[in-house]
Amino acid sequence: MTDNGIGPDLVTHNIVLSAYKSGSQYSKALSYFELMRGTNVNPDTTTLNIVINCLVKLGKYEEAIKVFNSMREKRSKCRPDIVTYTSIMHMYSVCGQVENCHSVFSTLIAEGLKPNIVSYNALIGAYASLGLSEQASSTFYEMKKRGTRPDVVSYTSLLNAFGKSQQPQKAKEVFDMMRKNNCKPNLVSYNALIDAYGSNGFLAEAVELLREMEQAGLQPNAVSISTLLAACGRCCEKVKIDSILKAANLRGIELNTIAYNAGIGSYMNVGEYEAALDLYKRMRKKRVRPDSVTYNVLISGCCKMSKYSEALDFLVEMRDLKIPFSKEVYSSAICAYSKQGQLAEAESIFGMMKMDGLQPDVIAYTAMLHTYTTAEQWEKAFAVFQEMEVNGVQPDSVACAALMRSFNRGSQPGKVLLLADFMRDKNIPFIDAVFFEMVSACTILRDWKTLTDVIHTMEDSLPRISVGTLNHLLHSFAKVGKIDTMLKLFLKMVASGAEVDSTTYSILLKDLLAAGYWRKYIEVMQWMEDAGVPPSPQMYNNILSFAHTSAGPENGAAIRERIESLKTKSGYSLLKSKGCDPPLPANTLIGSL
């Protein structure tokens, strides 16, 4: 055409650009557009729509916005149309910027344009990506009200919104409504419902849907399999992981990297290291290239199973394959080196993370806090915490608990209480580990007023606090002779429905006896009997030994008499003592003091 002296016109240029776009050759399309700009042919709206689409596909979002804004200028001859607005909406949807996506949608209406099915789907999809089911549902029904009939993308996006907002039953209702309205679900629809079921613990329903999909003439793909594998890991169903992998093999479904990652991760979640390793070896044998997610799953899984040397072996392998480290991999590597006592290596990895241009997140910083705490270097732990603040990373409860532990180990209990004040100011929730360290700090400081305040803070959370933390708190009061406070706390624990186990009773009785409260000791044994929790032989032996050695003749006789009465009443037998420990009846106990 050009050899004959005929220059391409705008239509020709747009055809060439469209061909490049359709062939996913986005960079070539942009290069061609630059050549076009050197001619006397001016682009039109169609041309710039293609350019925006290519820029979005290449992740050049700022340039796409720049082109869009230039089209909206008053002097522009290429006014944005519905395609332009929809492309920008899609871009914001991909970026998770729902508010901006909605703003563009509102703008196109304000400009007098009528939204089409693609525009509505872009907005519903944006809401769905964040699990905003109410907004997605509202947009869906508004679309129907305005006369636009939903298509398979509309229904699938709404279904996905309910799945991500932990409403699998509503997701199924959308699926059923879709079929009722003669809109045939496609493979993506089925996969979305499988994910809705699987991610919310409905594994049986997810597996059944796989069979239903095949009956409908749709062949499951790697996405279907990876979704089911991830669900098995969450539900700790090792047998079903094996079955799903076997089913994929029988159907000739070739697993991709994502599917292998899901399978390896699921095996790791159920503690099946060897099975995870075998699947990883199969992945390599099939020449499916692992990525940073693969190694993060392997490394973090090894750390959870205390296989730290194996975790570091995977780190070396990842480095040899020249796979870029992600934030998650760096954090897992720091943990592995820390557990191996390799402080210098952990510090080096942390430094490399920052040199690679990756801003450490709260997980990475917390890993370093644990590292310095283990190494008993509270000054460095505190420096890491301060660095978090400087870099705008909000510490979470776990990070604060780690620093508190470091302060207590470094004989800085006062700083623990200051950090607790910081947490209150920042509205950071108090978790078990935080309460544990605060109790320890108060005990070290002998600050009973603050310890009492801590108890008041804990009262609403007693049912959710671990029995270990509560036992520690009881013993802390006993150690300083505050027996009455210990007993009152115990009764509050029982009244709140907090967990009380045999260790709790043992701590309570030992501390009572150590303080010489033998009457209360026997009374607690009676509470246990009344609750159907027979005291152990050792508990009887302890009080009888106290009667013989420490109570004096008169009290010793009284103790033996009351113990014999208790034995007779309960039908006690040293040979038939039961080991169960149900909770004490709160109403019975509260009136005892």
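Tutor: Cys-95 is partly exposed, with a relative accessible area of 32%. On this scale, buried means under 20% relative accessible area, exposed means over 50%, and partly exposed lies in between, with a 1.4 Å probe and protein chains only. Cys-101, at 0%, is buried. This is a predicted model, in which local features need pLDDT of at least 70 and side-chain atom pairs count only at pLDDT 80 or more, while totals for chains, interfaces and linings use all residues. Residues are numbered from 1 along each chain as its sequence is written, and side-chain values use heavy atoms, with hydrogens and water left out.

The sulfur of Cys-95 has its closest cysteine sulfur in Cys-101, 10 Å away, which is too far for a bond. Seen from Cys-101, the closest cysteine sulfur is that of Cys-95, again at 10 Å and too far for a bond. A search of the whole structure finds 0 disulfides (a disulfide is a pair of cysteine sulfur atoms within 2.5 Å).

Rolling a probe the size of a water molecule over the atoms shows where empty space is left. The largest pocket holds about 510 Å³ of space. Of the 24 residues in its lining, Ser-331, Cys-335, Ile-363, Ala-367 and His-370 are the closest to its centre. Two or more lining residues come from each of helix H17 (292-304), helix H19 (327-339), helix H21 (362-374) and helix H23 (397-409). Helices (H or I, at least four residues) are DSSP runs numbered from the N terminus. H21 gives the largest share of this lining, 8 residues. By class, the lining of the largest pocket has 6 nonpolar, 10 polar and 8 charged residues.

A pocket here is an open set of points on a 1 Å grid over the protein atoms alone, where a 1.4 Å probe fits and protein lies on both sides within 12 Å along at least five of seven lines; lining residues have an atom within 4 Å of a point. Points are joined across faces, edges and corners, and a volume is the space filled by probe spheres set on them. Ala, Val, Leu, Ile, Met, Phe, Trp, Tyr, Cys and Pro count as nonpolar, Asp, Glu, Lys and Arg as charged, and the others, Gly among them, as polar.

The second largest pocket has a volume of about 440 Å³. Phe-33, Arg-37, Leu-48, Val-67 and Ser-70 are the closest to its centre among the 17 residues that line this pocket. Helix H2 (26-37), helix H3 (45-57) and helix H4 (61-72) each supply at least two residues of the lining of the second largest pocket. That lining divides into 8 nonpolar, 2 polar and 7 charged residues.

As for charged contacts, the whole structure has 16 salt bridges (a side-chain nitrogen of Lys or Arg within 4 Å of a carboxyl oxygen of Asp or Glu). One of them joins Arg-72 and Glu-111, at 3.8 Å from N to O. Arg-72 is in helix H4 and Glu-111 in the loop between helix H6 (98-110) and helix H7 (117-129), so the pair ties together parts 39 residues apart in sequence. Arg-72 is partly exposed at 36%, and Glu-111 is partly exposed at 43%.

Another salt bridge links Glu-437 with Arg-405, with the closest N and O atoms 3.6 Å apart. Glu-437 lies in helix H25 (residues 432-445) and Arg-405 in helix H23, so this pair ties together parts that are 32 residues apart in sequence. Glu-437 is buried at 7%, whereas Arg-405 is partly exposed at 21%. Salt bridges also link Lys-172, Asp-176, Arg-179 and Glu-212 in a network.

The rings of Phe-105 and Tyr-120 have centres 5.4 Å apart and planes at 55°, so the pair is tilted. Phe-105 in helix H6 and Tyr-120 in helix H7 are 15 residues apart, and their pair links distant parts of the chain. Phe-105 is buried at 4%, and Tyr-120 is buried at 1%. Phe-430 and Phe-435 form an edge-to-face pair, 5.7 Å centre to centre with 65° between the planes. Both Phe-430 and Phe-435 are buried. Rings of Phe, Tyr and Trp (its six-membered ring) pair if their centres lie within 6.5 Å; planes under 30 degrees apart are stacked, over 60 edge-to-face, and the rest tilted.
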